[in-house]
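Dear colleague,

Please find below the structure that I am handing over to you. A short account of the findings follows it.

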Amino acid sequence: MTNLVPKVAVIMGSYSDWDTMKEACDILTEFGIPFEKEIVSAHRSPERMFEFAKNAKNNGFGVIIAGAGGAAHLPGMTASLTTLPVLGVPVLSKALNGMDSLLSIVQMPKGVPVATLAIGTSGAANAGLLAVRILSLLDGSLTKKLEDYANTNRISALSKNDQLH
């Protein structure tokens, strides 16, 4: 791992989002990507969210993964305050099964992009993988790791053919 690869920030609106967001952290750990995880609520600690987002680049982050449920303002508000890529993860909610989270994150106005992933743990894992892909532009060794990861997944999926008989 080179020192050129910046850290990834994994932020979430509340502790209840951790079961989802740990999937992103697991992927980052698997690829050896440095990251920090933190609760940064757009609703309960807006000043902290503002400070975090405005200073993220200067604090060595290269990508932000932001998970939130319900009204899910964290990814969009974070994206409005930084030029770093923000990957939004809609967290499964009790009221509307995560559809509220998804629509809150995906419906960003023109000029404030948030790359929005699937609802729940699959979205969080894919956010981790997307962060690795983004960072692979700075570190070619990550490309090989991504290729190996995809090959392992392919072999695993195809090995299930034997179970069809």
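Met-99 belongs to helix α4, which spans residues 99-106; helices are DSSP runs of H or I with at least four residues, strands are runs of E with at least two, and both are numbered from the N terminus. The model is a predicted one, in which local features need pLDDT of at least 70 and side-chain atom pairs count only at pLDDT 80 or more, while totals for chains, interfaces and linings use all residues. Residues are numbered from 1 along each chain as its sequence is written, and side-chain values use heavy atoms, without hydrogens and water.

Met-99 has a relative accessible area of 41% and is therefore partly exposed (buried means under 20%, exposed over 50%, partly exposed in between, with a 1.4 Å probe and protein chains only).

Ser-93 is located in the loop between β4 (86-91) and α4. Its relative accessibility is 12%, so Ser-93 counts as buried. The side chain of Ser-93 reaches the backbone nitrogen of Gly-98 at 3.0 Å. Ser-93 also touches Gly-70, Gly-98, Asp-100 and Ser-101, leaving aside residues up to four places away in sequence; contact means heavy atoms within 4.5 Å.

Leu-117 sits in the loop between β5 (115-116) and α5 (121-135). Leu-117 counts as buried because its relative accessibility is 16%. Not counting residues up to four places away in sequence, Leu-117 touches several residues, among them Leu-87, Pro-90, Leu-102 and Leu-130. Between Leu-117 and Asp-139 there are 22 residues of sequence separation and 23 Å in space, C-alpha to C-alpha.

Yours sincerely

Key. Polar contact = N/O pair within 3.5 Å; in protein donor to acceptor, adjacent residues only side chain to side chain.
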